[in-house]
Amino acid sequence: MDFNPNQEYAIAARGVRKTYRASGKSPAKEALKGIDIHVKRGSIFGLLGPNGAGKSTFINILAGLVGKTAGEVSVWGFDLDANPRQVRAALGVVPQEINMEVFFTPLEGLEIQAGLYGVPKSKRRSMEILRALGLEEKADAYVRNLSGGMKRRLLVAKAMVHSPPILILDEPTAGVDIELRKQLWEYVMELHAQGVTIVLTTHYLEEAQELCEEIAIIHNGEVVACEPTEKLISSLDRKMLMVTPAEELNGHLDLGAFDVEIKQDGRLAIPYQPSKTQVAEILESLSSAGVMVKDLSTVESDLEDVFLELTYRKSA
């Protein structure tokens, strides 16, 4: 894809590299090896990868916290090198680490943050944002007295004080219980419905699969996949046929060319490649082995399978 920092993309990056210089006994480390990423405006984009893959480095480059070694970056149509202030104004970044002013109240913290971004008092939405994130009752409490989940939601609130068109969420639900996670995502989806572009990094793969329209997987500083979520999952040519036999099987079962595992509940798990094998062929092998089928179902690959295939298994 050609580098295209026009109005179609919220974020456009081409050939982005980052090399950390050698320090002491630590050699130089190339954290990003020329990555290309294009995030469409108004989309929910997933940025996934193992720890140390380069996700946070890329986010920190966008936020102006880390200088890139090479490459081109455009955010909301602004070139990162030529217009760093406009780029920062277009972003709301929710970091992994909970780091905030513990001696202020949530309301004071949001008002200070809004002032730093130059938001006039008449246009500030501090209480509205706190209310949306379930923090209205804690508006005047000291931040140091908030729970971990509340502090994480407060980070989201701080990122939204200047109404940025892009919200970057770096592991936003780490350590947050199920109820608070649901509330957080309800607010994020409201923002998305209003046109805010969402960039998400998460280790909860089911979360990414459910929410993200497109996903890039980074491994060892390189983009190893970047596709619409459904296409990415379907690219893994692997399914599982689950068969419930009419009668309980005792001992070993030989299906010739097909591997089979007898589960504790008596069902048979038979992996196959849809591009090479039809279910009818497996059923024929079962019939030849004298197995009568009571019920069957297929289990599709999910994002976790794709993630493992492109990262950990590729490294093995």
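Which residue in β5 is the bridge partner of Val75? The points below take up this question and then other parts of the model.

1. Basis. This is a predicted model, in which local features need pLDDT of at least 70 and side-chain atom pairs count only at pLDDT 80 or more, while totals for chains, interfaces and linings use all residues. Residues are numbered from 1 along each chain as its sequence is written, and side-chain values use heavy atoms, with hydrogens and water left out.

2. The sheet. Four strands make an open sheet with antiparallel pairing, in the order β2-β1-β4-β5. Edge positions are held by β2 (29-40) and β5 (78-79); each has a single partner strand, so one side of each lacks a neighbour in the sheet. Helices (H or I, at least four residues) and strands (E, at least two) are DSSP runs, numbered from the N terminus. Two strands pair if DSSP finds at least two bridges between them. Strands of a sheet pair through backbone hydrogen bonds, either parallel or antiparallel.

3. The β4-β5 pair. Strand β4 (residues 70-75) is joined to β5 by two bridges, and the two run antiparallel. Phe78 in β5 is the bridge partner of Val75, which answers the opening question. The loop between β4 and β5 contains Trp76. Trp76 has a phi near 55 degrees, a positive value in a residue other than glycine. With a relative accessible area of 24%, Trp76 is partly exposed; buried means under 20%, exposed over 50%, and partly exposed in between (1.4 Å probe, protein chains only).

4. Axes are lines fitted to C-alpha atoms, for helices over the stretch in contact, and angles run from 0 to 180 degrees between N-to-C directions. Thr57 is found in α1 and is buried, at a relative accessible area of 10%. Leaving out residues up to four places away in sequence, Thr57 touches Lys18, Tyr20, Ala31 and Leu32.

5. Two helices side by side. Helix α5 (residues 148-159) and helix α6 (residues 178-193) pack at an angle of about 10 degrees, their axes 11 Å apart. The two are therefore roughly parallel to each other, a label for angles under 35 degrees. On the α5 side the contact uses Gly149, Arg153 and Val156, which meet Leu180, Gln183, Leu184 and Tyr187 in α6. By class, this contact has four nonpolar, two polar and one charged residues. Ala, Val, Leu, Ile, Met, Phe, Trp, Tyr, Cys and Pro count as nonpolar, Asp, Glu, Lys and Arg as charged, and the others, Gly among them, as polar.

6. Helix α9. In α9 (residues 279-288), the buried residues are Ile282, Ser285 and Leu286. Seen down the axis of α9, they fall within an arc of 100 degrees, so they line one face of the helix; the arc is that of the directions from the helix axis to the C-beta atoms. The face turned away carries the exposed residues Glu284, Ser287 and Ser288. Among the elements covering the buried residues of α9 are β11 (239-245), β13 (268-272) and β14 (293-299). Just after α9, Gly290 takes a positive phi of about 80 degrees.

Notes: Angles under 35 degrees count as roughly parallel, over 145 as roughly antiparallel, 65 to 115 as roughly perpendicular and the rest as oblique. Contact means heavy atoms within 4.5 Å.
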